[in-house]
Amino acid sequence: MPGDKSSSKVYADLTSLMGGRTKGSKAAVDPSGFDSAVASGSLASASTAHSKADDEGDKALRAKKAWEVAIGPGKTLPMQAFMAWMSGTGVSIFSILITGMILMTPVRTIMGTQQTFAPLERMATGKKLDLTMQKAAFVAINIAGILFGVYRLSIMGLLPTTTSDWLAFIPAKHYAEYSA
Amino acid sequence: MLGGSLLTRVALAGVLAASTLSTAVQGLFPDEAGQIDWHRAQVGAPKMLIPCTHDDGSTSILAITDRNVLASLSSDSGEIVWRQLFDPTERINVLKLRGRQVLTHSGTNETHVRVWDAQSGALAWGFSHPPSPKHKSGSGAAAFLRSGKDVLAVVGDSLVRLAPEASKPVWELPLNRTATFKRLVVQESVAFVIGHATLTNKNPTPRLHVVEVNLKTGLVKQQYDVANEQALGSDSLVILESEEYGGYIVWRERKNIVWNIHRLGMQQPMWDIYHAKLVQMELMPESMLTSTISELDTDSGLGADKPRFVMKYTMNDKVKSIVVEMFRVGDELKLRKIVGFRSDNALVAGSNRRALPSGEASPSERAVVAVRSSEGDISWRIYTSGKTPAHTGEFVYDTATYGPISAAYLYYAGAEPRVLVQTKGGLLAALASGSSVPLWFRDESLAHATDMVFLELPAPASLGEHAAKATDPSVISSPVSRYIQRWIETARSLAAWSRSGFGVFGGSGGSGSSKSGPNSVPVSEELVPKTPLAEGDHFGFRKLSIFGTSTGIVAALSTQDGARSWTRYLSDSGAAVSVDRVFITRRSQPLINTPSLLAVVGRNVEGRAVVAVLNALTGEILGDGKLHVLPYGYGKVVELPVVDTASEQQLLGLVINGPQPQLAVWPATIDAAVAFCAASESIFFDIGAQAGSGQLDGYRARCPEVANLDGWGEDTTFATDHQWSFELPAGETLVAASEYHGAQTTALQGRILGDRSVLYKYVNPHLITLASHRDAGGIVIYFVDRVSGRLLYSSVHETGCVSSKRPFLVTQSENRVIYQFWQDSDLQGAANQQKPKATKGYVTVVAELFESDKPDTRDAGKTFSSLDLHLPHVITTAFTAPESATALGVTRTGSHITTRDVLFGLSSGKLLSLPDQLFDPRRPKRAQTKDEQAEGLLPYSPSLLLDPKRVLSHRNVVAGIARIMSAPTHLESTSLVASYGLDLFFTRTSPSGTFDQLSPSFSKVNLVVTTLALVVGCLLGGPMVRRKLTNQAWA
């Protein structure tokens, strides 16, 4: 019967290996890929055992990855600028769409900052990685994108920044005298 | 060469085609002509009428009028057959008719003698005499010779014989200023020139001077004085002409009962004839002393085989008239009474028919009509002989509408007698026997219009409101009942619409109803409408236009079709009040029963101020129909920014000129005076802004303590304090002045430039534009502030010149002043010879005023005071004008978001509307910059073109436009335009296109049908789709 010890033709007792493994003894090398902690059923003690060195590497890797994510929008900026340049400064449906996209994408991205960084933030240990700098850079780059959009609005003449934009709200003067 | 010119032509055609394609079409749709506009052709109040029978047997009436028009009117309908317009300053003095030829003598100093064809109105020939320093003012007469086509005329200081084919007079006889010659009596070989002898120290008695001239040689046969203390045209002297018997002067000396008869050309015999013999009856001496005589026929030469005249005398408190005919037996002259009747205040006129060649006078030729007006009607009687009238008739007429009769004429259409009556107000009506309404009438009063205002009519009230007004005011206060009423009304109008065959959808929409213009059917219109127009329309197209005229008429017309709403004749002590200004002093509020009030200000014959307050909707004169005759004259009338709380009327100010000018306020009550005094500190007025003046003076009223206002009334006025003087330099005279008309509304306080900066507009309601003529040549323009008297801007046009024929025109609107004048290159002074030669023609100059020359620079503060030093920055430019104009105007809309078209009343009878854009002084004179392109500035082109698509008057000839008025409608895009002068023309225009209206081609039926089709589609398709979905779910 399979799995039944008594009816097995070949039987290897590995308990000696388990118990006899002491510090410094290299009598038996674990096969590659074998984790004695897993085998002995105590995962927690195993991770603490070997995390010290790996943790740092993971952190660095995650931080690096986070930086890549943070700088990502910056790479699209030249593309957007090119599209903006192509669409011209005239007020047309196309240029308005492009400008709308230039403005809305960073806004939407900023709103989703937490979600974007969430997978990188959660470390294996359950701790949260501190990605403030990356987030700040990510937001800053997106703000630059917004500013670019605003600049485009301004060169398109769509920002109410001049006196003429407020002319309609200037009340007529009151006349102090009456002539007849 | 040929190829080149062909190429140029093709290129030019291409450019032309491109330009037509690129400009937006602003013209009128053919179906709008005569629908959105109306035109009334007028001639003015006639001063002489002559019935004229043409070769084809038709009759027309020739007229010369106070508006210097020679016209032929159809005797059957009163319509204008033809009219000839004389220069506004060229008074027509004489009208004579011989056969087909009409002779006119016109002008005061420069004299014109013209002969016209009576049937076609074409000029046959004419003669002009240049202005002469020797011209005797008031002199002027003309007559046809007995035989041939030659004409004899007094021109300048000479008597001339003119022949049609000759360019020069056949002969000219200097008259040496011996008299003011006004009458010519022509006989076979001689003519008599009769006038008032020039008074000298040696001979100071007024008398007539007669010069007898040989017609062939033009030499004086004799000259002598006759008829001491007599004058032509007085009621105790007549001149009788007869081909057979010669000419006679008949007169009665003052305080003498003896009549003198003098035969022209004979020093002796001169007859004395006693009254009794003249009238063939015995009279009491006082009756004889007060008797008067007058000539009977308009053109006394026409039917003068047996010359006749009318004598009026009073006996036993009854006024009687007799018609006396002159005839001769051998050498003896005899007088014979042919008709005698009781006339009272009747006007007597002859038929003015030429006797038939057979010599057998038919009764109609010698007929006389007596027209008498009494309360409520006009009655007329035609006498041919004896005491009994041959024809009588009555015409129901209220003298309060057009005034009493001022003249009567008799003419025959075939054998039918027709009586033509003219009233002091300017109505001309043809009456026939057997009818109490006139055969036709012409209302010529509005050719003498002096002022006009628009009155907003209340919007059409719903049936609910009508019902509420009629029965119970509580209905209208309940929203529920109002809502129900509105639904009932909608249902009713829907029912009415379906009954009308679904023809007009939307009722009084933009396309208007298909009524014919008032110019075509003068007869069908009622003389006095039974119900005045009391309701406007939803769009504000139908308003009342209320006119005041110099003939004493105040009349209200509908702006939509020109239908008369009401007419009032204002008179004081028997004479018409010359109306100067009309003002709306109170506007009725919706749902409040206070009527709109109209204040009419005019002058009576003594020059005193007359004020009447009328209900603007009905024309009823308030205060029991009484006019207020104030004990002073006035220089001008102004609206004051004060409302009298008691009567809710806006105050008017009457400025009384004099060394110490005074200000009177109307209503002349204590309440009004107190209200005025509360605001008088900031109210300024000025005197002297009229042609001929040399300086302007500003004043402010001085108010006494309120306690001292006791006893305030119509005879009290405010003293004034002199504020400032604006003196023109020596050698300059004011030729024109213009101020703003009505309150100025501005949508935007500045102009947006291409770089999105703002040039702020300088809108100063106190701005007055003065144009003065320099004796040394040229015109100087001044912009003056009327509160401070400060000069804001001035400019000199070296080559400008102003004359009565080429007037200076100016209009102000918002921050723009537009003026037009005649530029004469000959006036270019020696100093300016180096400059390019100026063109000869009309020049239109536009000046636009800004707060500063730098963009985005504006005076801080919410209040504008003229007393602060603040000079405008003025940008000007000039264009050559398309044609000579007689009036300038600008369109007005509700909020002035729409651009303002500039309106020109042209001398050729067109009303032209040119876009505001063309008159921009900032139009670049070089290649446009990007900013200028962005701003939409057109490149400058020196000439304004007469674009036929922009002629608002389209096919109509609107003669003598003197003023152009504009009023906003409830649609921002659309503006009402009215012009008056001689003719009336009303239309509406949309300077920026009808952006707030559906286009005329928009099909409301299609819209409804499509909507219905969609609804039906939904109803039918819904169940089908549902069934399909259910089937799919089961499958």
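## Notes on a predicted two-chain model

1. How the two chains meet. The contact draws 27 residues from chain B and 16 residues from chain A (two residues are in contact if their C-beta atoms, placed from the backbone, lie within 7 Å). On the chain B side, β44 (636-644), β47 (683-687), β51 (750-752) and β60 (863-864) each give at least two residues, and β44(B) provides the largest share, 4 residues. By type, the chain B side splits into 12 nonpolar, 10 polar and 5 charged residues. Here Ala, Val, Leu, Ile, Met, Phe, Trp, Tyr, Cys and Pro count as nonpolar, Asp, Glu, Lys and Arg as charged, and the others, Gly among them, as polar.

2. What you are looking at. This is a predicted model, in which local features need pLDDT of at least 70 and side-chain atom pairs count only at pLDDT 80 or more, while totals for chains, interfaces and linings use all residues. Residues are numbered from 1 along each chain as its sequence is written, with chains lettered from A and ligands numbered from 1 in the order in which they are written.

3. Strand β1 (residues 174-175) of chain A pairs with β60(B) in the parallel sense, over 2 bridges. A:Tyr175 has B:Phe864 as its bridge partner in β60(B). For the terms: two strands pair if DSSP finds at least two bridges between them; helices (H or I, at least four residues) and strands (E, at least two) are DSSP runs, numbered from the N terminus.

4. Chain A. You'll find 6 helices and 2 strands here, running α-α-α-α-α-α-β-β along the sequence. Of the 180 residues in chain A, 14% are buried. The cut-offs: a residue is buried if 20 or more other C-beta atoms lie within 10 Å of its own, exposed if 12 or fewer, and partly exposed in between, with C-beta atoms placed from the backbone. Among chain A contacts between residues at least 6 apart in sequence, 64% join residues at least 24 apart.

5. The annotated spans of chain A. An unreviewed UniProt entry lists residues 82-104 and 136-159 of chain A as "transmembrane region"; the positions follow the numbering used here, feature names are shortened, and annotations may be inferred rather than shown by experiment. In the model, residues 82-104 are 78% helix and 0% strand, with the end C-alpha atoms 17 Å apart. Residues 136-159 are 83% helix and 0% strand, and their end C-alpha atoms lie 27 Å apart.

6. Chain B and its domains. Chain B has 10 helices and 67 strands, and 42% of its 1035 residues count as buried. It is divided into domain 1 (45-232), domain 2 (356-437), domain 3 (444-500 + 517-629) and domain 4 (1004-1035), with bounds from an automatic or database domain assignment. Taken over C-alpha atoms, the centres of domain 1 and domain 4 of chain B are 87 Å apart.

7. The cores. A nonpolar core is a set of buried Ala, Val, Leu, Ile, Met, Phe, Trp, Tyr and Cys residues joined through C-beta atoms within 7 Å. The largest one has 243 residues, and B:Val369, B:Val371 and B:Ile546 touch the most other members. Leaving out residues up to four places away in sequence, B:Val371 touches B:Ala346, B:Leu347, B:Ile378, B:Trp380, B:Ile405, B:Ala408, B:Val419 and B:Val421. A second, separate core of 7 residues includes A:Ala66, A:Phe117, A:Leu120 and A:Leu131.

8. Backbone spots to check. Most residues other than glycine have a negative phi, and most peptide bonds are trans. The bond from B:Trp666 to B:Pro667 is cis, with omega near 0°, and B:Pro667 sits in the loop between β46 (662-666) and α8 (670-679) of chain B. B:Ser573 has a positive phi of about 40°; B:Ser573 lies in the loop between β38 (571-572) and β39 (575-576) of chain B. B:His896 also has a positive phi, near 60°, and belongs to the loop between β62 (885-890) and β63 (902-906) of chain B.

9. Buried or exposed? B:Ser573 counts as exposed because 9 other C-beta atoms lie within 10 Å, while B:His896 is partly exposed, with 19 C-beta neighbours inside 10 Å. B:Phe850, in strand β59 (residues 841-850) of chain B, is buried, with 22 other C-beta atoms within 10 Å.
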